[in-house]
Amino acid sequence: MATIKVSPRRLRERMEQLGTIGRDPAGGLTRLPFAPAHVQAVQRSAQMMREAGLDAGVDEFGNLIGQRSGRREAALLAGSHLDTVPQGGIFDGALGVVAAIECAQTLREANRPLQHGLAVMAFADEEGHAFGAGTLSSRALVGEIGRSRLAQLRDETGRSVDDYLRARTHGLPPAKVPAQVGAYVELHIEQGPVLERMGRVVAAVESITGILRTPVVIEGRASHAGTTPMPGRADALVGAAELVLAVRELALAERDRAVGTIGRAHVLPGATNVIPGRVELTVELRSPDAQVLETLRDAVEERSREIADRHHLTVRLGAWDLSPPVPLDPRMRDAVVRAIERCGHPPLTLPSWAGHDAGVMSRYVPAGMIFVVSTGGLSHSPDERTPWEAVETGAQVLLETLLFLDDAPDMSRRLPLAYAAG
Ligand SMILES: [Zn+2]
């Protein structure tokens with residue numbers, strides 16, 4: 001049988017179209033979940049889904065789903081997310097959605113129906129920037145983030161996830177993810193330098209890093225920057241600076257098994273001539289190893305206490321939000337590797353240092369991921385790039401993976417969907 005080929009032209013056009021939605025005057029794309037640009041991207045993607053012969057709708061967690069039924073009860077799920085970080089790039093997330101739509105459309109045009117149903121997923125909030133919880137939408141879908149938490153999580157405007165979900169501004173029909181799932185596959189850019197350094201284009205993902213995040217509030221005493229002598233000051237920003245260095249040192253000590261970042265800090269009152277009385281920041285720790293994460297968490301807590309004592313501060317760590325490390329299903333890894341070989345590329349598997357919806361899904365159903373090269377290893381940046389040939393390769397590998405899974409022995413599982421009854 002002749003190989004069915006995705007359309008590189010259509011892939012590029014659609015990626016570029018989506019890449020115009022949410023243009024930030026400061027550079028790159030800013031498509032925060034549920035904000036107008038995100039809603040517009042959902043609507044545009046829904047239109048692409050309809051062009052691919054899929055029924056498009058939005059579920060009660062704001063996820064866009066484009067589906068088509070098959071002879072088998074179980075559905076194959078493929079997709080990614082449509083939100084971005086502030087001033088992000090056009091490939092992170094959108095690539096997996098557009099490529100999955102392309103696979104659906106290619107199969108339809110080739111008159112090659114799958115035995116399984118097919119559902120293209122476009123998760124609403126993966127980045128976790130707006131509400132402080134990564135992979136929020138997929139975790140909400142499977143009930144890991146309950147209703148009460150969705151009502152509590154608020155963005156900078158003070159609106160909760162729940163408020164946004166109630167508003168349902170996208171004008172699309174309601175939809176639900178199929179409960180019986182054969183597999184979930186996600187194509188994503190690597191977001192790191194490994195593939196490029198190896199001179200490779202595509203890899204199967206073997207595991208997804210665990211992530212621990214906590215908000216931290218450091219309180220000291222705000223006072224006059226001129227009349228307050230240096231000894232005896234309680235400068236919250238000095239404590240924060242020490243914590244930044246401590247997190248770096250602790251992560252470095254784990255060699256290449258962990259990374260740690262303080263990527264956000266808010267200094268109050270934030271005046272040139274006032275000693276900072278309060279700093280609010282976030283600590284983020286990552287490792288593919290659960291034990292390493294635990295050790296790091298304890299060490300950060302310990303160092304926070306030391307810093308508080310030394311600088312006459314109070315350092316309060318909030319509840320740690322844990323996204324545990326996940327090995328991906330070896331059967332899925334093998335399916336992707338096989339698809340990579342079918343596309344004429346050498347087999348390769350890599351861990352993922354970024355969290356992904358596939359990591360959440362893999363706790364319930366067989367899940368796999370395909371990585372394509374990121375130019376310069378850059379992501380979460382306006383300079384995020386992936387060569388168009390690599391985009392085509394990734395989409396073709398996704399298509400081959402779906403075709404392989406469609407014929408593979410049944411490994412379907414029931415996804416514990418958290419939809420309201422009825
Ligand atoms: Zn992503």
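Me: How do you know which residue and which part of the model is meant?
Reply: Residues are numbered from 1 along each chain as its sequence is written. The model is predicted, so local features need pLDDT of at least 70, side-chain atom pairs count only at pLDDT 80 or more, and totals for chains, interfaces and linings use all residues. Helices (H or I, at least four residues) and strands (E, at least two) are DSSP runs, numbered from the N terminus.

Me: Why are α1 and α3 called oblique to each other?
Reply: Angles run from 0 to 180 degrees between N-to-C directions, and axes are lines fitted to C-alpha atoms, for helices over the stretch in contact. Under 35 degrees counts as roughly parallel, over 145 as roughly antiparallel, 65 to 115 as roughly perpendicular and the rest as oblique. Helix α1 (residues 8-18) and helix α3 (residues 94-109) pack at about 140 degrees, with axes 10 Å apart, and α1 and α3 are therefore oblique.

Me: What makes up the contact of α1 with α3?
Reply: On the α1 side there are R10, L11, R14, M15 and L18, and they meet A94, L95, V98, A99 and E102 of α3. Two residues are in contact if their C-beta atoms, placed from the backbone, lie within 7 Å. By class, this contact has seven nonpolar, no polar and three charged residues. Here Ala, Val, Leu, Ile, Met, Phe, Trp, Tyr, Cys and Pro count as nonpolar, Asp, Glu, Lys and Arg as charged, and the others, Gly among them, as polar.

Me: And what makes α1 roughly perpendicular to α12?
Reply: Helices α1 and α12 pack at an angle of about 110 degrees, their axes 10 Å apart. That value makes α1 roughly perpendicular to α12. In this contact P8, L11, R12 and M15 of α1 meet W388, V391, E392 and A395 of α12. The residues divide into six nonpolar, no polar and two charged.

Me: Why are α10 and α12 called oblique?
Reply: Their axes come within 8 Å and cross at roughly 125 degrees, and α10 and α12 are therefore oblique to each other. The crossing of α10 and α12 is right-handed. From α10 the contact takes A335, V336, R338, A339, I340 and R342, and from α12 it takes V397, E400, T401, F404 and L405. Sorted by class, the contact of α10 with α12 has seven nonpolar, one polar and three charged residues.

Me: How do you know that the span of α10 is close to the expected one?
Reply: The expected span is 1.5 Å times one less than the number of residues. Helix α10 (residues 330-342) has 13 residues and reaches 18 Å from first C-alpha to last, close to the expected 18 Å. After α10 comes G344, with a positive phi near 85 degrees.

Me: What is the span of α2, and what is expected?
Reply: Helix α2 (residues 36-51), with 16 residues, reaches 23 Å from first C-alpha to last, close to the expected 22 Å. The buried residues of α2 are H38, V39, A41, V42, S45, A46, M48 and M49. They pack against α1, β1 (55-58), β2 (64-68), α3 and β4 (117-123).

Me: Why is Q191 called buried, and why is Q180 called partly exposed?
Reply: A residue is buried if 20 or more other C-beta atoms lie within 10 Å of its own, exposed if 12 or fewer, and partly exposed in between; C-beta atoms are placed from the backbone. Q191 has 22 C-beta neighbours inside 10 Å, so Q191 counts as buried. Q180 has 16 such neighbours inside 10 Å, so Q180 counts as partly exposed. Q180 is in strand β5. Between Q180 and R414 the C-alpha to C-alpha distance is 4.7 Å, although they are 234 residues apart in sequence.

Conventions: A crossing is left-handed if the near helix is turned anticlockwise from the far one by less than a right angle, and right-handed if clockwise.
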